[in-house]
Amino acid sequence: MNFADIILPLAQPCYTFAVSHIADLKVGEAVAVQFGQRNVYTGIVLRLHNNPPKRGKIKPVLHRLYDFAILTPKQIEFWSWMASYYLSTVGEVMRIALPSLIKPHATSEELYIPYSLPTEKFLRLKSMPDSETFDRMSRRAPRRAALLTMLQRNGGEIARRECSADAAVIATLTKAGYIETVERECEPQVQPISHSTLPILSAEQTKALEKIDSGLTVCNVALLHGVTSSGKTEIYTHRIAHALAREQDVLLLVPEISLTAQLVERMQQMFGNRVIAYHSKLTPLRRTQVYMDMLRTDSGRLIVGARSALFLPYKNLGLVIVDEEHDSSYKQSEPNPRYHGRDAAVMLASLHGAKAILGSATPSLESFNNAMAGKYAGVTLMSRYGGSLPPKIIISDTMRAVKRGERKSHFNKELLDRIADRLQRGEQIMLFQNRRGYAPYVECPRCGWTARCPHCNVTLSRHIGSLRCHYCGYHIDNLNYCPECKTSQLETKGFGTERVEEEISALFPSARVLRLDSDTASSDSAYNRIINQFAAGEADILVGTQIITKGLDFKGVTLIGVLNADNLTNAPDFRAVERAWQTMLQVAGRAGRRDKAGEVVIQTSDPSHPVFAALSELGYQHFATAQLRERQMFNYPPFSRLIRITLRHISPERLAKAASQLGVELRAKFGSRVLGPVTPLIDRIREEYIVQIIVKIENGASFARAKEITSEHITALRRNADYKGITVICDIDPV
Ligand code: ADP
Ligand code: ZN
Ligand code: ZN
C-alpha cells in the first residue's frame, strides 16, 4: 500500500501520509509523522490504501514506533463507530481512549516511552556435577544438592520466587558454575476457574440466571431488573465464570470509579489474578501496563472498571456487564466524544459477537422499553436475598405537618419520631438531600436583594463561613447585613446538607452525625474515611447528597429520610420524574439490607404525585408504562433521538444572532423537529452566555442523515467569520 490515513491527536479528520517506504506497515501501528513545518506528531494507522489525496503535498511517515500494532482491528471498528455516532473525530476518541504514556501527541524530542513486559528472575541449571562430586555434595551440603535435583526435575529451570532455597545456597552454586540466574519477560499465569468458589444461588436467583441464559440464546442483550440487595452481583459471577472458563475476556462496568474497589475485591475472591481494575484514576504507568498486557497476552480476564475500560484491547471479548445501567454518570459530559458508556458497551459487545447484561434495580425507560419490545431479554428478580424485607415507604405530607404544627426545622414529626426511636435502639439513619452547602441562596427580607455570582447567572449558595458559586467556584465571606440597603440581616432560603447536619445535631445533641457530599469527600481518602467510620458504627446519622444513594451497603441502617422529594420531581427535564423514581428507590435500597426491616420516610408537599405509587414493586410496571405513554405522546426518547446543540459566547448579541441563524437553517431542513433556540435555566456560566437548540428525530426517520445535516450546518457556522469565537457543542442522546 502506498498511503495511510493516520489518526492524529487532533479534533480534525485523519490526514493521509505516504508509507510505501515502510516495510509491512499494518493498520493499528503507531508511527511518527512530520506535521506542519516544525512539529512531529505521533499517530496511529487507521487505514491503508492506494488513493493519493486530491489536495496538498503529501509527506512521508517518518518511522514506526513499535514492532507491533497498538490497536486491534476491533478497536479501530469501535473508535470509528464512536466518532461517527457521536459526531466527533477518531482523533478525539484516541485522546480519551489510550493511556497517556502510549497516547500519540505532538512532540519535539523523545518520541515514546518504551514499553516492556514485566520480567521475572529464573534459576537455570548450567551443568550437573559428576556423580562423585554430587554424592559428596549430598552428604556435606544437602540443600545445594536438593536445589540441583529440583532444577533437573523441572526441566532445568524454575522461577526464583517459587524456589525456597536461600541466597547463600544459590550464590555458592552460581560461583561453582552449576547454575545461573536469568531474567526473562513473563506472561503471568492466570488462576484456573473453579466453580466451587462461586456463591450458591437461591432458588429465585437460579431461576433468574436460567432466564438470562435462555434469553441470551435469542437476544444479544439481557436486562436484569433486580431490586436492591437481590444479589445481582452473585448472578453475574456465574456468567462471568462461564466466559472465563472459555478463556474469554469479560468487562464489568460500574458508573463511578469509587464503586470499583469493593467490587474488585469481591471478584478476586472468586477469580484471583484474572481480575483487573481499570479506570482513569490509576497511575498512567499502571494503565499502560494493563493495556499492553492485554495487547500482548491472551487468556480470559475480568476487567472491572469505569467507562474508560471500554477502550482496552479486547481480543476475545465474551461478555459485557453494565451494572446500574440507569445511572446517568455513564454519560461523558465532556470533552468529545460525549458518549454513553452503557450504549457504547452494548455496541462493543455486538462488534465482538459477545453477550451483554444490563443490570439495575431501577432500569432506565430506554432499556425497559427495549425489553418490552423484545429487543432485550427481560429478567426480573423481585425479592431480596436472604429473605430481608423490602423497606417500608412512608410518604410524609409536609404541608399537613406544617398545618398541624408537626414540623421542626426541616423535619416532619413522622421522621423525627422514627429518628428518636432508631437512636434509642442503636440503629443507624441516613438522611438524603440533593443539595450541598447550607442553603441555595440568601435574600434581604427588606429590599429583596439576593447574592449572585458575578460570573454566572446563579445565586450564591450559602456555606458555613462563605457564599459560593457551584458553577465557577467564585466565593466570598458570609455577609452580616444586606450590602444594598445596609439595614437588615440576610435571610437564608432553602436548605442543603450542611444545614441538615446542623439542625439534626441541634435536635439530637447526643447523636453522632457525619456528612458525605462533594465538600466533605473531596478526595478518595476522605470519602473512604467517612464511609468506613459510618460502617464501623462510629456515627449514628449520615447526611448526604446523591453520593449516598450509590452502591453503599451498611448493615446497621434501618431508617432513611428523603428530606425534600419536590426538588427531585420538579426538575425541568423530561426525565425528571424517571430520575426522581430512580433516586428515591436507590436511596431506599440502602435501608434494612439484613435481618432488620427498613423504613423510608419521604417528605413532600405533593403526596399524590404518581411517582410515589411507583415506589412499591407492584407500582413499577404501571408507572413505567404510563411514563412511556407520555414520552410517546410528546415524542421524547425512547420514541425519538435528540441532538442537543449548545452555543456559548461572552457576547449575548453575537450568540443570539448565531443561534437564531442556526435555528432558521435547521428548521428549513427539519421543520418542527427543531426546538429553540432556548436559553437554559442557567444561561450564563464563567462569563459565557449559553443558548441551546434541540433537534428531535422520531424513530423510523434516519438519525444518521439528520446528524450529517446538523453537522454540516455547525461546520459552516464555525467557519463563518461573523461568529468567530463561539463555542458549539453537539451532544447526541443527551441525558
Ligand atoms: P444487588 O447488587 O442486587 O443490590 P448484592 O449482589 O450486593 O445485591 O447482594 C446483596 C447482599 O446479599 C450481599 O451482601 C451479597 O453478598 C448477599 N448475597 C446475595 N446473593 C447471595 C448468595 N447467593 N449467596 C450468598 N450471599 C448472597
Ligand atoms: Zn436589603
Ligand atoms: Zn459562578
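1. The site of the zinc ion (ligand 3) is tetrahedral, with angles of 105 to 112° among its four donor atoms. Four donors are called tetrahedral if all angles lie between 85 and 135 degrees. For four tetrahedral donors the ideal angle is 109.5 degrees.

2. This is a predicted model, in which local features need pLDDT of at least 70 and side-chain atom pairs count only at pLDDT 80 or more, while totals for chains, interfaces and linings use all residues. Residues are numbered from 1 along each chain as its sequence is written, chains are lettered from A and ligands numbered from 1 in the order in which they are written, and side-chain values use heavy atoms, with hydrogens and water left out.

3. The SG atoms of C453, C456, C469 and C472 coordinate the zinc ion (ligand 3) at 2.2 to 2.3 Å. Donors are N, O and S atoms within 2.8 Å of the metal (3.2 Å for Na, K and Ca); water is not among the atoms, so sites may look incomplete. The spacing of these donor residues in sequence is C-x2-C-x12-C-x2-C.

4. Are C456 and C469 buried or exposed? C456 is buried, at a relative accessible area of 1%, and C469 is buried at 4%. Buried means under 20% relative accessible area, exposed over 50%, and partly exposed in between (1.4 Å probe, protein chains only).

5. C444 is buried, at 1%, whereas C447 is partly exposed, at 41%.

Key. Tetrahedral: all angles 85-135°; square planar, octahedral: opposite > 155°, others 65-115°.
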